[in-house]
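This briefing covers aromatic ring contacts and charges placed over rings. Please view the structure below before reading on.

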Amino acid sequence: MTALQWFIFFLVIQVIHGLGTWKLYEKAGRKSWEAFIPIYNAIVLMKIINRPTWWTALLFIPVINIIMFIVTWVETLRSFGKNKEKDTILGVVTLGFYIYYVNYFEEVTYKRDRSLTATTKAGDTIASALYAIVVATLVHTYLMQPFTIPTSSLEKSLLIGDYLFVSKFHYGARTPNTAVALPMVHDSIPFTGIKSYSSWPQLPSFRLPGAQEIKHGDIVVFNWPVDTVYQFFDKSKRHADKPKDKRSNYVKRCVGLPGDNLSIKNGDVYINNKQQTYNDRTRLQYNYVVRTKTQLTSQFLTNYAIGNDGILPVYVINKIYWDDLKFRSYLLKNKNDKKVYLTEINRPDRENVEVAGFFNQEVEEVLVGNLKLKQLANTYIITIPEDMIATIKRNSEIISIERTKHNFDYLRDPLRIKKQYDIFPHNQKWSQDNLGPIYIPEANKTVALNKETLPFYRRLITVYEGNKLEEKGGKIYINDREAVNYTFKQDYYWMMGDNRHNSEDSRYWGFVPFDHVVGKPVFIWWSIDQNIPWGKAFDKIRWNRLFTTVSGDGEPVSYFKYFLVFMAVWFGYDWYRNKKKKNA
């Protein structure tokens, strides 16, 4: 909705309110015209229902205002003696229009000194629950939001199973775009997969002032800009036109700021031709080809804190079969959701190619039987933190260990119908390890538009900044006017995971607009190991990660014991105070 449409909609709501309540205003000793004046009518209504004036502000906060409308309807009815259960149900079910009936067709008396305490236990419980939801939603939307780490893209900095508090005020809280949504849930209702919001109407959103700006190396939570999936882990349906604030939440590290020129060379990030450095708590991981004297044991993996899911077998195939293998694996992967993953890691000689991957038995029979795919003995792809390489090399079982090198990532379309590469901007032979330079747009800065730069900035201009863009006769038109350059309206960022060879990030889908930034993870309040069953509950909990900070230098320090001491003192004091009061 445009600003004009919202203004008209707002005025219509005021007229609807005035027509449905003006007689009630008169019976409460107010003037009938007061029911029609925007904002002022809400202030007067709060006086009529004996509620604080600051409640008026809650009527204009998205999501919270839905709850407050219900509360206000019920409170208005009760202020005129309509406090039976039937009246409450009618007030809610009719979306407040039951008040119209009371206003025009019933003789009611204003209860100026009515009790504000619910007359039934059920009513008291509902009122308490609604107030708690309002407070919790305010905190969730504008101060602090709980968040779970679902993937290994930031391993070992953040682990799968970490539960975080994400600060909204560090970078400035956003007001919601989505006006109608369930409070404190994201894009779907838990355990049901049902959409938790209405796509209409959408509000214009703005960001409150933040305590700090995003810096190089910050871990940031943001809405995935290209997300169209209904549910985070169900990517089979990619047709949901999600509002910006309901797109899936991602967490990555910011490696590129607005105005930076970014390149990646052999897996290392360079900003303005200078290699990027990180604090000592950052643990970058890469995939390494590891060749051993004997088969790797589970004890080896445990000694170096390497999970079984961080290992892939390596196969060798004659290069004349490689293109066909990629084609077949693509088809099999998309047939009945068969799990297939193959990627080239090395060309040891002129005849053969080494690939890493996994697939199920049915797929293996097709690939091995027809394409001469042979597994290499004692050769693995292992995801390892950089700071562990020197230690692992000293192990007597290791023959060699070498980081995988990606020259370019192969065509998404195996039939070659459309020349589409995996790496952003999908029009040239870049890879996750070698790309750039790329200019990261900055608000109020201008870039030239031509056939070379347009693939980088087309989505920014159209989707994120709301312009119409066309190419006609070799020229570029923005909003029907020829354009040779473009000035950006907001800042953009480049986000990457620390698990550099196992992260879906800006290398694959490009820039993150500032209006998609959610907040900054600040605190791990709970952490569980997904690989340990709940039957071993004590071992499943990562005690050393409870109540640790996310950012900062040095090893994370757990403040859990201090929390336990504080809670013991608090409950002890509360027990002593209640006992003293009881004996008085």
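**Aromatic contacts**

F456 is buried, with a relative accessible area of 11%, where buried means under 20%, exposed over 50% and partly exposed in between (1.4 Å probe, protein chains only). The model is predicted: local features need pLDDT of at least 70, side-chain atom pairs count only at pLDDT 80 or more, and totals for chains, interfaces and linings use all residues. Residues are numbered from 1 along each chain as its sequence is written, and side-chain values use heavy atoms, without hydrogens and water.

Aromatic pairs

- The whole structure holds 36 aromatic pairs, meaning rings of Phe, Tyr and Trp (its six-membered ring) with centres within 6.5 Å; planes under 30 degrees apart count as stacked, over 60 as edge-to-face and the rest as tilted.
- Y104 and F105 make a tilted pair, at 6.5 Å centre to centre and 55 degrees between the planes.
- Y104 is partly exposed at 32% relative accessible area, and F105 is exposed at 64%.
- F424 and F456 pair edge-to-face, with 5.9 Å between centres and 80 degrees between planes.
- F424 is buried, at 8% relative accessibility.

Aromatic cluster

- One aromatic cluster is formed by F424, W430, F456, Y457, Y464, Y486, F488, Y492, W494 and F511.

Charges over rings

- K265 lies over the face of Y270, at 4.8 Å from the ring centre; the criterion is NZ of Lys or CZ of Arg within 6 Å of the ring centre and within 35 degrees of the ring normal.
- K472 lies over the face of Y477, at 4.9 Å from the ring centre.
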